[in-house]
Amino acid sequence: MKSFLSLIIFLMVSTLPLDAQSPEVNVPIADNQYITIEQDDLIIVEAEDFYKQSKSNKRQWYRTTLDYAPVVGQDDDKNHSQSASGNTYIELLPDSRVTHGDELIRGENFSNKAGEMAVVHYKVKINTPGRYYVWVRAFSTGSEDNGLHVGINGEWPAHGQRMQWCEGKNQWTWASRQRTKEDHCGIPHEIYLDITAKGIHDIQFSMREDGFEFDKFILTKNRNFFPTENLENELPSTWLGSEIGQPKINPPIGRIAIVADGNSPDPDDLGGTAVSIALLRATGLEKRLVHYSHSCDLKRVERISEAAEKERHALMQSACDVTARRWGGFEDLTFFDAKWQQEQTINDLSKAINTSSENDPLWIIEAGEPDIIGFALEASDNSKHKYVKVITHHPANDDSGDYYTWQQILDFGIEEVRIPDQNVNLKVPIEKWDWAKNHPDPRIQWVWIQGKIAEVDNIVKFQKGKWDCSDAGMVLYWITGAKDGGLKSGTVRDVKTILSKFIDKN
């Protein structure tokens, strides 16, 4: 493997500009099926994984990422996502009280009453009831953005009120202190929730001061616990509490087709392809995959050299064929190179469209430019288009066609199924995939290698340090229910749980 990785380091590719569309950064990326499970008296939750907001008419929580910072009224802070966990955090906006000299308006930019304003909600499952101390990682730049309240199940106990940060200004800082009249910087060990029953609980945080920047939180029964910046890496490999448990496998009726690129400058389809194929096999749905094509960017761009693009075609074909062979179950499926086998690709997808019906619809995953989908729809029976559903997660794909606009795709009469941007949870620091890198099974190791190939790509700068399988999030959505409760924003933990469970049994 070392010689192989040494070789791919020299691959030359290019980059696409970041999408300039404004995402809906105040809506949940999780839903009410997301439940963080306590294990070994510990829970760790990313702040952006809230499933709903309430009492948000005056202030709301907004996500900030490397790609996008919300513009909502006043906000004098810089983007701090570079050092945030997962390069994402949430902030209470607008931020109208930045300094002590700014007017304090109770019920608008300040609330000393817990649960009164801007509540963000998280579901957790408690296996061992008891007293849980609450830690929060926050970024404070002054004296008027460093207060928060925590509650549970709609109740706001005295020891969840007035969390306070004084130390660690201008950097992400863990704290668990309660502000009092006598000590404005807070008393340690006094922020906790007494959870008396097993089961699912709603953990809630509400505004004390606007402008609060929130990265993640921890619940722990250990009074003397102190989180480190390397916390997750220090936990035992068997610890599963930092994300949700086993997702429910509940695919809709019908078949699935995937159209990916990968020959364009962005190499993320390598990881996305391997994960998509492995997920379908691990959930027993491999026979419902009736079409897979890659390299669907039909017109070459100058941002990638001809030699580098040729390598991409070969790498994408390898990601398809080798993953399918190693995981098994795809012996009857041909993986097409859409650009080099354009006619065969269009005919194959058109055939899948023509066999669609009300009881056997076709779900097309748009994991690249829409042109192949457009050509296949053009070549197919118009009466079948009403049984075609196209899943998309990013306008960068929709709007990148050379032959078809997204509106022209819609004009064929297909159903658009749009889910949130999957980059948020599935384009992660590469260390989040060490479980696959170090896994004893070569099938899991092979999946990791595909994301590593993309990461060592020297021209796509925004892929550096990342393991990206974002397009596979659409497959994860489909296998967990699609429009009937599917995971709209799956996580690496979902992928890990599904693949690991299959490997353990096979």
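Rings of Phe, Tyr and Trp, the last taken by its six-membered ring, form a pair if their centres lie within 6.5 Å. In this predicted model, such ring pairs link Trp-61, Tyr-122, Trp-165, Phe-205, Phe-212, Phe-214 and Phe-217 into a cluster.

## Aromatic pairs and charges over rings

The count by this rule comes to 21 aromatic pairs. One of them joins Phe-375 and Tyr-403 in a tilted arrangement, with 5.3 Å from centre to centre and 55° between the planes. Phe-375 belongs to helix H6 (residues 371-379), and Tyr-403 to the loop between helix H7 (395-398) and helix H8 (406-411); the pair therefore ties together parts that are 28 residues apart in sequence. Phe-375 is partly exposed, at a relative accessible area of 21%, and Tyr-403 is also classed as partly exposed, at 41% relative accessibility.

A further pair is formed by Trp-433 and Trp-467, which counts as stacked because the ring centres are 3.8 Å apart and the planes stand at 15°. Trp-433 is placed in the loop between strand E22 (427-429) and helix H10 (434-437), whereas Trp-467 is in strand E23 (residues 466-468), so this pair ties together parts that are 34 residues apart in sequence. Trp-433 is buried, at 0% relative accessibility. Trp-467 is likewise buried, at 0% relative accessibility.

| Charged residue | Ring | Distance from ring centre |
|---|---|---|
| Arg-131 | Tyr-192 | 3.9 Å |
| Lys-389 | Trp-363 | 5.4 Å |

## Nonpolar cores

The largest nonpolar core has 59 residues, and those with the most contacts inside it are Val-275, Leu-280, Tyr-292, Trp-433, Trp-478 and Ile-479. Helix H3 (residues 269-282) gives the most to this core, contributing eight residues. Apart from its neighbours within four places in sequence, Ile-479 is in contact with Lys-248, Ile-249, Asn-250, Pro-251, Leu-279, Leu-280, Thr-283, Leu-285 and Ile-498. A second, separate core comprises 33 residues, among them Val-45, Ile-126, Trp-165 and Phe-212. Trp-165 and Phe-212 are also members of the aromatic cluster described at the outset.

## The six-stranded sheet

Six strands make up an open sheet in the order E18-E17-E16-E19-E20-E21, with parallel pairing. Strand E18 (335-337) and strand E21 (415-418) stand at its edges; each has a single partner strand, so one side of each is left without a neighbour in the sheet. From one strand to the next, the twist averages 20°.

Within this sheet, strand E19 (residues 362-367) and strand E20 (residues 388-392) pair in the parallel sense over four bridges. Ile-365 has Ile-391 of E20 as its bridge partner. Helix H4 (residues 306-327) lies across strand E17 (289-294) and E18, and runs at about 175° to E18.

Helix H12 packs on the sheet as well, touching strand E16 (255-260), E19, E20 and E21, and its direction makes about 155° with that of E19.

## Helix H12

Residues with under 20% relative accessible area are classed as buried. Eight of the eight residues of helix H12 (residues 472-479) are buried, so the helix is largely enclosed by the rest of the structure. The buried residues are Ala-472, Gly-473, Met-474, Val-475, Leu-476, Tyr-477, Trp-478 and Ile-479. Of these, Trp-478 and Ile-479 are named among the residues with the most contacts inside the largest nonpolar core. Just after H12, Gly-481 takes a positive phi of about 135°.

## Strands E4 and E5

Strand E4 (residues 60-65) is mostly covered, with five of its six residues buried. E4 pairs with E5 in the antiparallel sense over six bridges, and Thr-64 has Tyr-89 in E5 as its bridge partner.

Thr-88 is found in strand E5 (residues 88-93). With a relative accessible area of 2%, Thr-88 is buried. Leaving aside neighbours within four places in sequence, the contacts of Thr-88 are Glu-48, Arg-63, Thr-64, Thr-65, Ser-81 and Asp-215.

Notes
Residues are numbered from 1 along each chain as its sequence is written. This is a predicted model: local features need pLDDT of at least 70, side-chain atom pairs count only at pLDDT 80 or more; totals for chains, interfaces and linings use all residues. Side-chain values use heavy atoms; hydrogens and water are left out. Buried means under 20% relative accessible area, exposed over 50%, partly exposed in between (1.4 Å probe, protein chains only). Helices (H or I, at least four residues) and strands (E, at least two) are DSSP runs, numbered from the N terminus. Rings of Phe, Tyr and Trp (its six-membered ring) pair if their centres lie within 6.5 Å; planes under 30 degrees apart count as stacked, over 60 as edge-to-face and the rest as tilted. A charge sits over a ring if NZ of Lys or CZ of Arg is within 6 Å of the ring centre and within 35 degrees of the ring normal. A nonpolar core is a set of buried Ala, Val, Leu, Ile, Met, Phe, Trp, Tyr and Cys residues joined through side-chain atoms within 4.5 Å. Contact means heavy atoms within 4.5 Å. Two strands pair if DSSP finds at least two bridges between them. Axes are lines fitted to C-alpha atoms, for helices over the stretch in contact, and angles run from 0 to 180 degrees between N-to-C directions.
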